Amino acid sequence: MSLPENSPNARTVASTQSEMTEIILPNDANTLGNLLGGRLMHFIDLTGAMAAFRHARSHVVTAAMDHIDFIQPVHVGDLLILKSSVNRAFNTSLEVGVKVWVEHPQTGVLLHVASAYLVFVAIDDRGRRQKVPVLLPETPNEIRRFADALRRREHREAETARRKQEQREHAGNDSPPVTR
Ligand SMILES: CC(C)(COP(=O)(O)OP(=O)(O)OC[C@H]1O[C@@H](n2cnc3c(N)ncnc32)[C@H](O)[C@@H]1OP(=O)(O)O)[C@@H](O)C(=O)NCCC(=O)NCCS
């Protein structure tokens, strides 16, 4: 990377790192007392947006959230810990990784609950897309995530193109409802 770390057009991954801790309350849970999947996605979105905001220093909107597996149930009274950082910045968009753990309140044992990748787009005060600073990965893990993020972006683009092609092929196949 040619830009110095202190350039206004460059950020380190460390400068984007964000963390949120939530205690799970009955209002967050289903009838079994387990954290609702949608509520977990909400927390993931918020923690991801914090890292994206720290990178872009502008408004950010969620453009996409990748596939999520819910590995571990979370119960009322558990502590949920979410950590996020930017993996790679592109033009107006950036990819954020979010990892979630549950901390058992009595034992302090931490278990991995879910991981997700989100894409955010930077928006200025007038609602226009805005260029984001470049990201400077430093550690071996950051460099690996930086490379993986490009592969995921290519995969997303290919998937979007495939869906658009499918929609074009199916357009016109749907007959209007018959009315008498
Ligand atoms: C996200 C949004 C700004 C993209 O606008 P758009 O006109 O489709 O933008 P473009 O196709 O020109 O793409 C702009 C950037 O977004 C990225 N992008 C757009 N849709 C994307 C998607 N589904 N997944 C990943 N990246 C996406 C593009 O790759 C591009 O990135 P780049 O500038 O870094 O190369 C627009 O779709 C939007 O406002 N969506 C609603 C966002 C929102 O309200 N989110 C809250 C959740 S409901």
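Guide: Arg57 counts as partly exposed, because it has 13 C-beta neighbours inside 10 Å. A residue is buried if 20 or more other C-beta atoms, placed from the backbone, lie within 10 Å of its own, exposed if 12 or fewer, and partly exposed in between. This is a predicted model, in which local features need pLDDT of at least 70 and side-chain atom pairs count only at pLDDT 80 or more, while totals for chains, interfaces and linings use all residues. Residues are numbered from 1 along each chain as its sequence is written.

Visitor: What is the phi of Arg57?

Guide: Most residues other than glycine have a negative phi. Arg57 is not a glycine, yet its phi is positive, about 50°.

Visitor: How many helices and strands does the chain have, and in what order do the elements run?

Guide: There are 2 helices and 7 strands, arranged from the N terminus as β-β-α-β-β-β-β-β-α. The C-alpha trace spans about 65 × 55 × 30 Å along its principal axes. Of the 180 residues of the chain, 28% count as buried.

Visitor: How far apart are the end C-alpha atoms of helix H1?

Guide: The expected span of a helix is 1.5 Å times one less than its number of residues. Helix H1 (residues 37-56) has 20 residues and should therefore span 28 Å; its end C-alpha atoms are 28 Å apart, in agreement. Its buried residues include Phe43, Ile44, Met50 and His55. Leu40, also found in H1, is buried because 22 other C-beta atoms lie within 10 Å.

Visitor: Which residues does Leu40 contact beyond its neighbours within four places in sequence?

Guide: Two residues are in contact if their C-beta atoms, placed from the backbone, lie within 7 Å. With those neighbours left aside, Leu40 is in contact with Leu35 and Ala114. Across the chain, among contacts between residues at least 6 apart in sequence, 73% join residues at least 24 apart.

Visitor: What is the order of the strands in the open sheet?

Guide: Strands pair if DSSP finds at least two bridges between them. The open sheet has 5 strands in the order S2-S4-S5-S6-S3, with antiparallel pairing. Strand S2 (18-23) and S3 stand at the edges with a single partner strand each, so one side of each is left without a neighbour in the sheet. From one strand to the next, the twist averages 30°; axes are lines fitted to C-alpha atoms, for helices over the stretch in contact, and angles run from 0 to 180 degrees between N-to-C directions. Strand S5 (residues 93-103) pairs with S6 over 11 bridges, and Trp101 has His112 in S6 as its bridge partner.

Visitor: Which strands does H1 touch, and which does helix H2 lie across?

Guide: H1 packs on the sheet and touches S2, S3, strand S4 (79-89), S5 and S6, its direction making about 40° with that of S4. Helix H2 (residues 140-170) lies across S3, S4, S5 and S6 and runs at about 80° to S4.

Terms used:
Helices (H or I, at least four residues) and strands (E, at least two) are DSSP runs, numbered from the N terminus.
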